[in-house]
Amino acid sequence: MPDDTVDTAPEETIPPAPVTRPPGDVKVAVANGVGEAGLAGARASVLSTTGYVTVAANAAAETAQSQVYYVEGYGEDAEAIAVELGGDAAVLRPAPSDPGALVTDATAVDGFHVFVILGTDRVLG
């Protein structure tokens, strides 16, 4: 006798892979929140080697906790940047409405997408 049952098991769905832009399309400001000379430049260099457009800056304030802030639509890129610097998604935060306030010279980071703030915890280097 033929089996007339219909397999009703749901098909396994695979979530789409995160979409990131080519590194050259992402502008990253790396800000020193530690006060250690050359730290932001050294970490920005790591990112520029992989193709990101970077600028080293000073954070608006000294900070204990390293963070990676991102403007809307750049969360996946920010996560890739955090990983490149040795961190993970735990350091990600949406950027404030005025991300220039994260650094001492807002004009230097106008139009940037991701803002890495290096803290004394050294999670990102």
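**Buried elements and sheet organisation of a predicted chain**

With a relative accessibility of 2%, Asp-77 counts as buried, a term that denotes under 20% relative accessible area, whereas exposed denotes over 50% and partly exposed the range in between (1.4 Å probe, protein chains only). The structure is a predicted model, in which local features need pLDDT of at least 70 and side-chain atom pairs count only at pLDDT 80 or more, while totals for chains, interfaces and linings use all residues. Residues are numbered from 1 along each chain as its sequence is written, and side-chain values use heavy atoms, with hydrogens and water left out.

The chain contains two helices and five strands; helices (H or I, at least four residues) and strands (E, at least two) are DSSP runs, numbered from the N terminus. Read from the N terminus on, the elements follow the order β-α-β-β-α-β-β. Of the 125 residues of the chain, 34% count as buried. The accessible surface of the chain amounts to about 7200 Å², and carbon and sulfur atoms hold 53% of this area; accessible areas come from the Shrake-Rupley method with a 1.4 Å probe, and for residues only the protein chains shown count as cover. Among contacts (heavy atoms within 4.5 Å) with a separation of 6 or more, 81% are between residues 24 or more positions apart.

The five strands form an open sheet with mixed pairing, in the order β2-β1-β5-β3-β4. The edge strands are β2 (53-58) and β4, each of which pairs on one side only; two strands pair if DSSP finds at least two bridges between them. Neighbouring strands of this sheet are turned by 25° against each other on average, direction ignored. Axes here are lines fitted to C-alpha atoms, for helices over the stretch in contact, and angles run from 0 to 180 degrees between N-to-C directions.

Strand β5 (residues 114-118) is largely enclosed by the rest of the structure, because five of its five residues are buried. Val-114, Val-116 and Leu-118 point one way from β5, and Phe-115 and Ile-117 point the other way. Strand β1 (residues 27-32) runs parallel to β5 and is joined to it by five bridges, with Val-30 opposite Val-116. Strand β3 (residues 67-70), in contrast, is antiparallel to β5 and linked to it by four bridges. Val-68 likewise stands opposite Val-116, and Tyr-69 has Phe-115 as its bridge partner in β5. Helix α1 lies across β1, β2 and β5, and runs at about 155° to β1.

Asp-77 belongs to helix α2 (residues 75-84). Leaving aside neighbours within four places in sequence, Asp-77 is in contact with Thr-20, Arg-21 and Val-26. The buried residues of α2 are Asp-77, Ala-78, Ile-81 and Ala-82. These residues cover an arc of only 140° around the axis and therefore lie on the same side of α2, the arc being that of the directions from the helix axis to the C-beta atoms. Their cover includes β1, α1 (39-49), β3, β4 (92-94) and β5. After α2 comes Gly-86, with a positive phi near 95°.

A nonpolar core is defined as a set of buried Ala, Val, Leu, Ile, Met, Phe, Trp, Tyr and Cys residues joined through side-chain atoms within 4.5 Å. The largest nonpolar core has 21 residues, of which Val-28, Val-30, Val-68, Ile-81, Val-114 and Val-116 touch the most other members. Two or more residues of this core are given by each of β1, α1, α2 and β5, and α1 gives the most, with four residues. Another core, of 11 residues, lies apart from the largest one and has Ala-29, Tyr-69, Leu-102 and Ile-117 among its members. Not counting residues up to four places away in sequence, Val-116 touches Val-28, Ala-29, Val-30, Ala-31, Gln-67, Val-68, Ile-81, Leu-85 and Leu-124.

In the segment after β5 lies Arg-122. The phi of Arg-122 is near 60°, a positive value in a residue other than glycine. With 36% relative accessibility, Arg-122 counts as partly exposed.
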